[in-house]
Amino acid sequence: MINTLILKITGDKEDEEKIEQAAQELRRGGLVAFPTETVYGLGGNGLDPHVVDKIYKAKGRPSDNPMILHISSREEIDPLVSEIPPIAEKIMSAFWPGPLTFIFNKSSIVPEKVTGGLNTVAIRMPSHPLAKKLIEKSGMPIAAPSANLSGKPSPTKAKHVIQDLMGRVEIILKEKQSTIGLESTVLDITSPIPVILRPGGITYQQIKELIGKVEIDKGIMEDRKKDFKPKAPGMKYTHYAPNAPMTIIQGPRWKVIDKINEMADDYTAQGKHIGILAVQENLEYYSKGTIMSAGSRDKPESIAANLFDLLRQFDEEKVDVILAEGIEGQGIEMAIINRMNKAAGHKIIYV
Ligand code: TXA
Ligand code: MG
């Protein structure tokens, strides 16, 4: 057990010292959980295989699942990659710093431990001011998976990190809720046409508008096929899963509402405590169980920001099953659908 120190960042002048203390911890090979605009990260020296091992252990994560290296300025990429395709420069200047991770061919200084044995490396420059400052002060690329225990929803609030990682990391930097709430878009730029391996804060449309052609890794939006092998190793695990089994009900609005009510009646008759995840506009049509608002259908960003917290809240309510309304849409909705499908282990009922 590590004696975890929680440092609260409040916006006053003591913040500087706290960030310096966290940066020092990173320099001496310790682990620091910190906020980013997407989700909280669990950071350590990304060039030290021993530290990377400690991160895998702290998360309880399989070590074939590679990590993202976080940097604070454009120049820091150069030593980490073997080449930077011209198209990457264009995308970087448009969306960095921000919720976008690139897959590059790696250089020899990046340990295989970080990349899970792959010869590519994931790199992201976060826009969150605290994250940027911490990385800059530490003076090294910071390997940082999401700061949850493996299998749990990613943490969007400091309290989620505290729930999962107390006693497992040296420092937790406690700050506000992450604004985006879903992990970064992962974009593979090692092939002639870039491929989205994980949908996230920067959308397919945004990238397409900028560069004309972009593909989406097959299977991201589909139900899991038996032979589907995702290119981002992390996409194959059932993560984000709440304790209770979750089912998504997908289809036209009124059919979805009817089906959820019918299932709610059945489960309640069996003595089960159900949870319902619905958009704000539909809440009034449900009456059974613990009903939670995912946010307004007209503001998908708010749904993205709240999703992981809501999944954890269903755990706290100890519901036996979760019935979730499906969502449709081409923007940030793609990331929401992807995370919901994973949380549900791809259990979807089409009505
Ligand atoms: O928003 C985020 O990206 C957050 C914050 C903390 O920055 N981090 C995050 O890290 O979500 P993690 O480790 O939970 O997810 C990284 C994803 C995984 O799906 C992993 O398989 C994929 O990126 N990935 C990492 N390196 C890769 C590589 N070389 N090739 C393909 N996929 C890779
Ligand atoms: Mg993760």
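1. Buried here means under 20% relative accessible area, exposed over 50%, and partly exposed in between (1.4 Å probe, protein chains only). Strands (E, at least two residues) and helices (H or I, at least four) are DSSP runs, numbered from the N terminus.

2. This is a predicted model, in which local features need pLDDT of at least 70 and side-chain atom pairs count only at pLDDT 80 or more, while totals for chains, interfaces and linings use all residues. Side-chain values use heavy atoms, without hydrogens and water, residues are numbered from 1 along each chain as its sequence is written, and chains are lettered from A and ligands numbered from 1 in the order in which they are written.

3. Strand S13 (residues 274–278) runs parallel to S14, joined by four bridges; strands pair if DSSP finds at least two bridges between them. Methionine 292 in S14 is the bridge partner of leucine 277.

4. The count of salt bridges is 15, each being a side-chain nitrogen of Lys or Arg within 4 Å of a carboxyl oxygen of Asp or Glu. Glutamate 37 and arginine 124 form one, with the closest N and O atoms 2.8 Å apart. The pair links distant parts of the chain, 87 residues apart: glutamate 37 in the loop between strands S2 (32–34) and S3 (41–45), arginine 124 in strand S6. Both glutamate 37 and arginine 124 are buried.

5. Arginine 297 forms a salt bridge with glutamate 333 at 3.6 Å between the closest N and O atoms. Arginine 297 is partly exposed, because its relative accessible area is 30%; glutamate 333 counts as buried, because its value is 10%.
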